[in-house]
Amino acid sequence: MAVDETRDNPLLDQSGLPRFDAIAVEHVEPGMRALLRQAEADFEALENSLEPTWSGLVEPIERIGDRLGFSWGIVGHLMGVRNSDELRAAHKAMQPEVIALSVRMGQSRRIYDGLLALRDGPVFAQLDAAQQRIVEVSIRDAELSGVGLDGSERDAFNEIQQELAELATRFDNHVMDATREFALVLRDKDEVAGLPESWLQFAAQLALEAGEEGANADEGPWRVTLDYPSLLPFLQHSRRRDLRETLYRSNITRASSGNLDNGPVIERILELRLEEAKLLGFSSFAEVSLVPKMATNVAAVRQLLEELRAASHEAAHREHAELAEFAASRSAPEASDLRQWDISFWAERQREELYAYSEDELRPYFPLPRVLDGLFALARRLFGVTIQPADGGVPVWHEDVRFFRVLTDGGDPIAAFYLDPYSRPSEKRGGAWMDECVGRSSVAQESGVRLPVAYLVCNQTPPVGDKPSLMTFNEVETLFHEFGHGLQHVLTRVDYGLASGIRNVEWDAVELASQFMENWCYHRETLLGIAKHFDTEEVLPEDLFQKICASRTFRAGSAMLRQIFFSSTDLELHDCYVPGGTETYLDVERRVARATMVLEPLPEDRFLCSFSHIFAGGYAAGYFSYKWAEVLSADAFSAFEEAGLQDDAAIAEIGARYRETVLALGGSRRAMEVFIEFRGREPKTEALLRHSGLAIQCSSAAC
């Protein structure tokens with residue numbers, strides 16, 4: 001790319017990390033068009049001169065895709081963390097052109113034939129195992145991209161890709177807008193009865209930010225939103241059943257009416273995905289989705305989900321009956337007819353009585369700075385890396401964003417990451433995620449190896465007043481989870497950009513590294529090293545730690561069944577649902593709910609309209625991956641348990657082995673091979689069953 005063009009548009013400056021302080025919306029369209037022109041010219045030149053060798057074909061493919069992905073990735077990242085109408089318009093204008101080039105590259109017959117020639121020629125045997133896997137996966141991906149289609153079928157397939165990309169963006173925008181549009185302003189103290197002080201402070205701060213002058217925690221007004229840090233504590237603690245109902249109903253009907261209605265979007269997405277599958281020669285989109293996953297077929301996934309459902313179903317019903325009995329013992333009038341908006345409230349009261357602590361009681365022990373210190377100390381203990389703050393060293397997209405460098409014990413830099421921790425409902429989508437800024441690669445720059453950099457994004461409770469962000473235990477687990485994803489990205493040792501970090505890792509194994517880290521939240525040394533009172537420096541009392549561990553299996557059957565409901569609904573919609581048939585997508589959801597929920601959805605329930613994981617994310621026909629990978633992650637953690645969690649030498653040894661396999665190898669080898677190299681055998685379910693407290697007899701392929 002020309003130097004002057006790079007300098008003229010900061011979006012195209014690929015000499016280092018993104019220049020977030022200089023990139024503006026007006027740079028998106030001209031910058032991306034210039035980049036697309038160059039990428040297309042480079043790709044045509046490759047088609048005309050390719051050699052079926054690693055350096056003559058695979059490296060140029062990576063180089064072209066990396067340049068395009070770097071700048072377009074910045075735009076996509078900003079869509080998630082600094083969303084605006086202007087940015088949406090620029091993204092919408094450029095997305096069709098980006099998709100068109102991506103599809104064109106994926107469907108190139110010359111490139112495909114070159115990959116086949118490389119695989120089937122004498123040079124292939126000279127490649128290492130990682131290179132061979134990259135070639136094989138590239139061939140597979142080309143076939144899933146429609147390289148074998150011709151004429152009208154190819155045109156139809158390409159039109160589907162364009163429309164699906166636009167629909168996914170529209171779905172996500174609708175969810176964000178619907179979340180942002182709703183707010184409940186409370187002005188009477190009776191309306192906030194039962195809510196903890198931390199929530200009152202946060203709600204008053206939201207009211208101030210919304211223009212309610214003089215709002216304060218003691219007198220209000222208080223602003224409630226559908227953003228997670230606001231919504232969940234309200235459902236858990238508000239004594240006003242009528243207001244809980246209002247919030248619950250508003251949440252389950254998000255993005256389901258008016259100009260934000262995702263219902264038609266869902267119908268069209270499912271219709272197009274089925275058409276795509278049939279064009280590729282599959283009977284359902286679920287079959288397409290499973291091609292690059294560990295799960296061998298739909299039947300194997302169904303078997304796993306059914307066995308988990310059968311084992312957790314009875315426990316969940318028992319837990320519901322116990323909850324009703326508990327509510328009755330507290331003379332609750334709703335005890336005989338607990339509704340959906342009652343469950344979180346009474347479950348929290350039951351948990352408080354059983355384990356004698358409240359979530360708000362824990363918050364002061366988990367200030368974000370202390371949690372980060374403990375998390376980084378754990379990373380050093382397990383994996384021999386040092387994480388140092390480098391705030392101010394690079395441009396960021398918001399003043400709350402932090403930047404960290406990852407170093408070897410000897411002080412050599414090996415990676416870096418951004419952390420965007422706090423909820424910002426006005427511009428940031430909900431949830432938590434890890435994404436790559438740049439991946440490790442030996443071909444993405446002229447000399448040496450480019451070091452990986454990750455984005456870690458959460459939506460936890462922000463600081464209130466002069467206090468730091470005081471985290472719920474769930475927010476601590478979420479941070480550990482995303483950090484686990486980040487570790488797999490930044491600690492990779494693979495120099496081939498097409499398989500470094502999480503690239504090429506089977507989707508139903510990609511949650512292994514993240515869920516593995518959550519287990520350390522229940523490890524005594526780790527948690528007590530983190531949990532110190534932000535004001536008094538008092539360490540979390542031993543009895544509270546024991547109660548946290550004891551409560552890990554609280555309502556485990558209900559939690560398991562909820563995940564089975566999500567996974568089974570996803571699978572049914574992508575394997576059995578026939579657009580325009582006798583069942584609507586809502587009929588499918590309700591059919592699944594009858595077997596996987598204690599309380600069936602309300603008639604107006606439209607949770608699917610905000611189920612971004614499967615309609616705007618990468619989990620379509622793959623939500624089961626969370627449970628599949630949970631088997632792997634629990635078994636991986638059990639290696640540390642078996643060695644003795646207090647044995648520092650053993651922990652360091654196993655941590656090094658985990659780093660050199662699960663974290664280092666990325667997608668350079670099949671996930672099962674990587675797991676076996678770490679664990680010495682295929683995964684077993686015993687650890688998951690023990691951690692969950694559920695007696696599950698599992699015989700499926702995942703077990």
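Is Phe 534 buried, partly exposed or exposed? Select Phe 534 to begin. Phe 534 is partly exposed, because its relative accessible area is 27% (buried is under 20%, exposed over 50%, partly exposed in between, with a 1.4 Å probe and protein chains only).

This is a predicted model, where local features need pLDDT of at least 70, side-chain atom pairs count only at pLDDT 80 or more, and totals for chains, interfaces and linings use all residues. Residues are numbered from 1 along each chain as its sequence is written, and side-chain values use heavy atoms, without hydrogens and water.

Stay with Phe 534. It is in the loop between helix 19 (524-530) and helix 20 (542-550). Helices are DSSP runs (H or I, at least four residues), numbered from the N terminus.

Next, select helix 11, residues 263-279. Its buried residues include Ile 266, Ile 269, Leu 270 and Arg 273. The buried residues pack against helices including helix 7 (151-181) and helix 21 (556-575). Just after helix 11, find Gly 281, with a positive phi of about 95°.

Last, select helix 3 (residues 54-81) and helix 5 (residues 109-120). Trp 54, Leu 57, Val 58 and Ile 61 in helix 3 meet Ile 111, Gly 114, Leu 115 and Leu 118 in helix 5.

Conventions: Helices (H or I, at least four residues) and strands (E, at least two) are DSSP runs, numbered from the N terminus. The expected span of a helix is 1.5 Å times one less than its number of residues. Contact means heavy atoms within 4.5 Å. Axes are lines fitted to C-alpha atoms, for helices over the stretch in contact, and angles run from 0 to 180 degrees between N-to-C directions.
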